Amino acid sequence: MSSRVPLDALFAAYLHDLAELARLARKEQEEGLRSAQSLVGKLVLESVRVSVYERVFLLPVVADVLPDGSARAQSAVGALDSLETRAAALEGLDHSSADALAPLTALVDVVEDLARDQLTTLLPAVAEALPERDLMALGERVTPTMESGATHSHPKVTGGHDLTLWPQRGVTKALRDVLSAEAATR
């Protein structure tokens, strides 16, 4: 793979971005900055997006192309379940409370573990197993949609959830539903 297309250029960059967003959200929350609210909301959105996209696009390929793919995919499902559970743990917390930092830190830890594991083991194995054309097609499906003037597409979530604020109760499930529907059309 190293002589072909760089892995980060295809689909690993979103893991770097998610980990960076997680660290920034925690830092701003620790400092009591008002902007932490919207960063945490975006972190929950992007965590659920990564979970959904990987389940729909990446993990079926992992199961198909790697010799131990079924076991790796099952392990990745566990990590993605943990990611969503940690994101949901932030719902409804008082953002100004010191009690909000522990669940946020737990989410940051899960994000960093997921990124590290996938960037060092899972994604390089997939990159070695796939022909370059297939790898590029997979990268296009797994990577969040880029739109002119925006970092990613922002789904319209039902239930009155405002993704620019600290996560409200039920937002994780609402995001999962809308992102799953979106992924089905990609």
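The structure is a predicted model.

**The whole chain**

The chain contains six helices and zero strands, and its elements, read from the N terminus, follow the order α-α-α-α-α-α. Next, colour the 186 residues by accessibility: 46% of them count as buried. If a surface is displayed, its accessible area amounts to about 9,000 Å², and carbon and sulfur atoms contribute 54% of that area. Among the contacts with a separation of 6 or more, 74% are between residues 24 or more positions apart.

**Ala-36 in helix H2**

Select helix H2, which covers residues 36-65, and centre the view on Ala-36, a member of this helix. Ala-36 counts as buried because its relative accessible area is 0%, and the limit for burial is under 20%. Show the residues around Ala-36: apart from residues up to four places away in sequence, Ala-36 touches Ala-25, Glu-28 and Gln-29. The separation is 9.8 Å, although Ala-36 and Ser-96 are 60 residues apart along the chain.

**Ser-51 in helix H2**

Remain on helix H2 and proceed to Ser-51. Is Ser-51 buried or exposed? Ser-51 is classed as buried, since its relative accessibility is 0%. Display the side chains of Ser-51 and Arg-55, which are joined by a polar contact of 3.0 Å. Now extend the selection beyond the neighbours within four places in sequence; here Ser-51 is in contact with Leu-80, Leu-83, Glu-84 and Arg-176.

**The second largest pocket**

Select helix H3 (69-88) and helix H4 (101-129), each of which supplies at least two residues of the lining of the second largest pocket. The volume of this pocket is about 180 Å³. Which helix gives the most to the lining? Helix H4 does, with seven residues.

Note on methods: Residues are numbered from 1 along each chain as its sequence is written. This is a predicted model: local features need pLDDT of at least 70, side-chain atom pairs count only at pLDDT 80 or more; totals for chains, interfaces and linings use all residues. Side-chain values use heavy atoms; hydrogens and water are left out. On a 1 Å grid over the protein atoms alone, a cavity is a set of points where a 1.4 Å probe fits but cannot get out, and a pocket is an open set with protein on both sides within 12 Å along at least five of seven lines; lining residues have an atom within 4 Å of a point. Grid points are joined across faces, edges and corners, and a volume is the space filled by probe spheres set on the points. Helices (H or I, at least four residues) and strands (E, at least two) are DSSP runs, numbered from the N terminus. Buried means under 20% relative accessible area, exposed over 50%, partly exposed in between (1.4 Å probe, protein chains only). A polar contact is a pair of N or O atoms within 3.5 Å; within protein, one must be able to donate a hydrogen and the other to accept it, and residues adjacent in sequence count only if both atoms are side-chain atoms. Contact means heavy atoms within 4.5 Å. Accessible areas come from the Shrake-Rupley method with a 1.4 Å probe; for residues, only the protein chains shown count as cover.
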